[in-house]
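Here are a few exercises to work through with the model open beside you. Try each task before you read its solution.

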Amino acid sequence: MAEALVSTLLELFASIAVREAEQEIRLVVGVDTEVRKLEGKLRIIQAVLDDAEKKQLKDKAVKLWLKKFKDTSYEMDDVLDEWNTALIKSEIEKNEENAENESIAKKRKVWSFFPSPSFLFRQVNKLVLRHDIAHKIKELSGNIDELFKERVGYGFDLSEGTVEVVRIKTTSLVDVSAIVGRDREEDALVRNLLGEGSEGERSPYVISLVGMGGIGKTSLAQLAYNNPQVQAHFEKTMWVCVSHPFNQCRVAKAILEDGGVSSNLNDLKTLLKEICYLIWGKKILLVLDDVWTEETTDWEPFKLALNYGAQGSKILVTTRNERVARMVDSASISNLSVLSEDDCWLIISKLAFVRKDEKQCEQLEELGRKLANKCKGLPLAAKTLGSLMQFKKGGMNDSEGCKLGELKNLNHLTGYLNICGLGNVMDVQEAENAELKKKVHLRHLDLWFYGGVEENIRVKNDELVLNALEPPPYLEILKIMGFKGIMYPNWIMSLTNLKSLLLNRCDNLEHFPSLWRLPFLESLEISNAYSVKKVGVEFLGIESNNKKDKGSTSSLGLFPNLKSLKFSGLEEWEEWHGMGGMREEEEECGVTIMPRLESLSILNCPKLKTLPNFLETTPLQELIMDAYQLFNFEHLPPLGKLPLLKTLKIKDADIVKKVGVEFLGIESNNKKDKGLTSSSLILFPNLKSLIFDSFGEWEEWDGIGSGGVTIMPRLESLSILNCPKLKALPNFLETTPLQDLRIDARISDWMTIATSTRLKELHLYLTGCINLEHLPPVGKLPFLEYLKVKNASFSTKDSLKKVGVEFLGIESNNNKKDEGSTSSSSSLVLFPNLKSLEFENLEEWEEWDGMGGTREEEEGGVTIMPRLQNLSIVRCPKLKLLPDFLCTIPLKNLKILECPILDDRCKRQTGEEWSKISHIPTIQIDFFFVQVDGRNQFTEGNSWMLTPGSEGHNLINVCYSFVLTL
């Protein structure tokens, strides 16, 4: 009920705005701004009404709030209706006045310079009415403002259910001449529909057409549905556009209506009974077009009802998702392939050459064929581009190029629209003619302002063009790149469904727009804004750091749904201020800032000195910073205070020499935070992943030393890369639940940390290890499942020449076992849980020695890598031998790449090392599979070669994409 009221009010606002624009009538000064604010608050209130309606059943205060809101809404409805009626009346009077003037003009040759008394009387009436309505709107706006502030106190959840996405409904009607390239698919589908099958065949028999958006599933279904043989074969044929969201009653009604039965019922059970009666004993064909739901519970009632059709009944489903096809229990699934480039050109030419002479067609052909290539085989893209080319007169060298105004009639555009070259648009009227706001099915819009016009002209022109390109209100993703203006248009704040916003290369932008009021914004990225020096409270939507809006900030949520925030390339940015932001301050003034922020990235912002305090109150889980943020810090920031931080990555900090207790969030090694006893102090309480990369001068990492303090109690992954001067790790790491370690082998005590934890994955980097003679005893790690040994640099060689028994965790080949590890050889297991082993880029490595490793020795009590399944050796050019124990390991996959000596020695049957690896089912040497599932790929004529793209990396997976270059 309340939601319907808000929708009515917003529709009235829109209607009034149109009439005001047409008649050039405005309320008194300042009230228009008030109206815009009121609209924004109503939209945000609308977003929480669904939750409020539910909570009123249990909470009397919420029920009272809803009643007050409804009463105010009814009053607002009356006022707006009064204003709207006045505008309509004014429009009628204006038309009558024009007619009267025209009549007088015909009777006399000279116009009077003085208005008539009736005209003056009407103007006075208008002025009085405007002041009266303005006063009422201001009064009601105050009431709405109070309700707006109170809503936060009730903890309402934002709901996206207030706006239902409207999708284009399909029908069974089709223009057969407009469909090309589907002859084979049509024949196969018709044969499938006409096939009688056996008595035992499931009925109804479900056929699914699967393919990406725009590939032509609906068109193919229409062709088959309208085939005369198909129509004659079935006693009853029905077509239903299901679409999204799936509404069971709506679908049931649609089946009945297309079957010739109208129904006003809203009870699903009764509707399904009607369907049973409709199809009882009849051979039916039912097309369910554009099915999205994967929920079995949505489909199950229809499956039972449709069983009442006769044997041989068929259901044809079109969907983008193969999981849907499986959910409806399809007996036959056809995955539609893309069209050929020639077929796309044929579609384009049929549309583009309408009402054009032979010369114009020749001029357009080169452009048309290039566009056909860009269609990527999607017939819908070809149709759209063909429609656009109807308005183009010249060819590739046409000096006018494509014009924005040519988008005017393409209101059916769906999905994604990319407009390039907006910097070249000098006629703002062209941007207005595009009428983007009417493209209500657009969800993703990219605007590229790059162009060759001089920048001093671009500044104002870009602002005018962007202002004219207001998108539809349902837009979810917006990217603006290369914009030279100083100010962004106000329509950005009206995109209340926006989820993702990117602003890139906005060179002249000095202040960020107040984006806090976008209720569903989840991702915000601002990059390469070179003029921004300060991000202040204006970004949060309040006036200054010292003044909060009187009465307006209480119960105020700023960026209520923002989850990801990224700043990069802000080279002049120095300050980032919040409004205090400590939890006590937030509670005092009722302001909540970014209450759902999970990820923050700050990259290449060299002058930034501080972070706002309010970050401590956010549920931040991932923080990524680079060296530029550390130039102004003697120590790393006290990030241990972020209570929900899960991932932390800091890189390229070449000047940091010591990471001390300040990083943990305490003042010194001996002092803890005030008010916290040592027993209650937990630092980085939720951190799971920690990455330090490229700290060129880092020498010390100091812990806290004293007991009673818990540090990183949930740390699972630690990476320390390219830190050549760091010699040791802090002791507190021994108490962490570390499972994944990526470490520089030059750090002396990493093995102590590894043996103290339940390490499952280890990446050991040998970069710069010029004195390394052998690998550490990694075989001692009992829980290790994945091991990679790598030199990460192609320019710096390591010195490792031999991998011996030390690597397995024993002292020598003759000494056999570690003392204390077992009293007898019967229980010695080396690498007991290792499943995957990789060596990469070890250019000096020559020997890999085991400890004999024959089956007799294994029976003597030593077991090596009993669970190893995958072994990879890459770019080890001097390696000659593999260890004997390989023949005792249950390997499934072996990969050897760019190891020329080993390659030669592992030749099938003839190579010296072949006997050690012949038992492995799948062997890949260089880019060839020598053996797959134990079969010789060469002798059986099935040599498989890996080539780029062979794993389907270039598959298109888009709903629909349209690019316009200006």
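Axes are lines fitted to C-alpha atoms, for helices over the stretch in contact, and angles run from 0 to 180 degrees between N-to-C directions. Helices (H or I, at least four residues) and strands (E, at least two) are DSSP runs, numbered from the N terminus. This is a predicted model, in which local features need pLDDT of at least 70 and side-chain atom pairs count only at pLDDT 80 or more, while totals for chains, interfaces and linings use all residues. Residues are numbered from 1 along each chain as its sequence is written, and side-chain values use heavy atoms, with hydrogens and water left out.

**Exercise 1.** Describe how helix 8 and helix 10 pack.

Step 1: Helix 8 (residues 248-258) and helix 10 (residues 296-306) meet at an angle of about 30°, and their axes lie 11 Å apart.

Step 2: Angles under 35 degrees count as roughly parallel, over 145 as roughly antiparallel, 65 to 115 as roughly perpendicular and the rest as oblique. Helix 8 and helix 10 are therefore roughly parallel to each other.

Step 3: Helix 8 contributes Gln248, Val251, Ala252 and Ile255 to the contact (heavy atoms within 4.5 Å), and helix 10 contributes Thr297, Asp298, Pro301 and Phe302.

**Exercise 2.** How many disulfides does the whole structure hold?

Step 1: A disulfide is a pair of cysteine sulfur atoms within 2.5 Å.

Step 2: Searching the whole structure gives 0 disulfides. For Cys876, the nearest cysteine sulfur belongs to Cys899, 4.9 Å away.

Step 3: Cys876 is buried, at 0% relative accessibility (buried is under 20% relative accessible area, exposed over 50%, partly exposed in between, with a 1.4 Å probe and protein chains only).
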